[in-house]
Amino acid sequence: MYRRMTLCLAAAVAFTTPAFAQDDNPGKVCREAARLFDEDDIEGAIEEARWCLEALEQLQQQAAGQLFPDEINGFVGNELQSQSTMGMRIMEREYVQGNQLINVTYTGGGAAAGGLAAIARMGMNMGGTGKKMRIQRRTVIDMSDAQQVEFSVSMKSGGMLNITSSNVDHDTVLAFVKDFPIAELDDASQ
């Protein structure tokens, strides 16, 4: 059974177009993990499997990062910032129009991100401040106050998307949220 699972994983990633150096090719690394397992080198297989998972997560992160548009409603995106730690993925991009700035932050992946999202949802359901609405079939909480416009999106994948601004009016940020590809980002993150 294990051999069948490792072979299926290796076959699945063999058809993935890698964006890594030759040594970091997910298909190659995953096949190597399966080969080591078949040779009863469990320790070596585990190490290669970790690299396999890392490479696959990087591919997933790159695909999700491509869903941060370069321009929304006249706001142009700066360079996408992306980092991973302990299986949790954080992607952030600032959108600028003149001197106005809207910040978009996605946090997802891993048990830690799922836990943070669950805590946030629990707070929202327990009467937390903010107005609930539905945008692109996702729950969005408007947590704006006098100093900052803030929308928090609860993703089906378990992640959270926050869209904030301290110098753009509420209606403009809300229009930005409605036009951001929330559903596509969420689907790519599952």
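Guide: Let's begin with R138 and its neighbours. Leaving aside residues up to four places away in sequence, R138 touches M133, V153, S154, K156, I182, A183, D186 and D187; a contact here means heavy atoms within 4.5 Å. Before we go on, please keep in mind that this is a predicted model, in which local features need pLDDT of at least 70 and side-chain atom pairs count only at pLDDT 80 or more, while totals for chains, interfaces and linings use all residues. Residues are numbered from 1 along each chain as its sequence is written, and side-chain values use heavy atoms, with hydrogens and water left out.

Where does R138 sit? It belongs to strand β7, which covers residues 138-142. Helices (DSSP runs of H or I, at least four residues) and strands (runs of E, at least two) are numbered from the N terminus. R138 counts as buried because its relative accessibility is 5%. The word buried stands for under 20% relative accessible area, exposed for over 50%, and partly exposed for what lies in between, with a 1.4 Å probe and protein chains only.

The side chain of R138 also reaches back to the backbone oxygen of Q136, at 2.8 Å. That is a polar contact, a pair of N or O atoms within 3.5 Å; within protein, one must be able to donate a hydrogen and the other to accept it, and residues adjacent in sequence count only if both atoms are side-chain atoms.

Q136 itself lies in the loop between β6 (131-135) and β7. Its phi is near 50°, a positive value in a residue other than glycine. With 27% relative accessibility, Q136 counts as partly exposed. R137 is found in the loop between β6 and β7 too, and R137 likewise has a positive phi, about 60°, although it is not a glycine. Its relative accessibility is 61%, so R137 counts as exposed.

Now let's move to helix α5, residues 170-179, where V173, L174, F176 and V177 are buried. These four lie on the same side of α5, because they cover an arc of only 155° around the axis; that arc is taken from the directions from the helix axis to the C-beta atoms.

Next, please turn to the strands around β4, residues 88-97. Strand β2 (residues 75-77) pairs with β4 in the antiparallel sense over two bridges; two strands pair if DSSP finds at least two bridges between them. In that pairing, V76 stands opposite V96 in β4. Strand β3 (residues 81-85) runs antiparallel to β4 as well, joined by five bridges, and T85 of this pairing stands opposite M88 in β4. Q81 is also in β3. Its C-alpha atom is separated by 5.6 Å from that of M91, ten residues away along the chain. Not counting residues up to four places away in sequence, Q81 touches I90, M91 and E92, and at 47% relative accessibility Q81 counts as partly exposed.

On to strand β5, residues 100-108: nine bridges join β4 to β5, and the two run antiparallel. Here V96 stands opposite L101 in β5. The hairpin of β4 and β5 has two residues between the strands, and in this hairpin G98 takes a positive phi near 65°.

One more stop is the disulfide. The structure holds one, formed by C30 and C52 with their sulfur atoms 1.7 Å apart; the cut-off for a disulfide is a pair of cysteine sulfur atoms within 2.5 Å. The pair links distant parts of the chain, C30 in helix α2 (residues 26-38) and C52 in helix α3 (residues 42-65), which are 22 residues apart. Both C30 and C52 are buried, and their link is right-handed, with 80° about the S-S bond.

Stepping back, you can see a protein of six helices and nine strands. Of its 190 residues, 36% count as buried.
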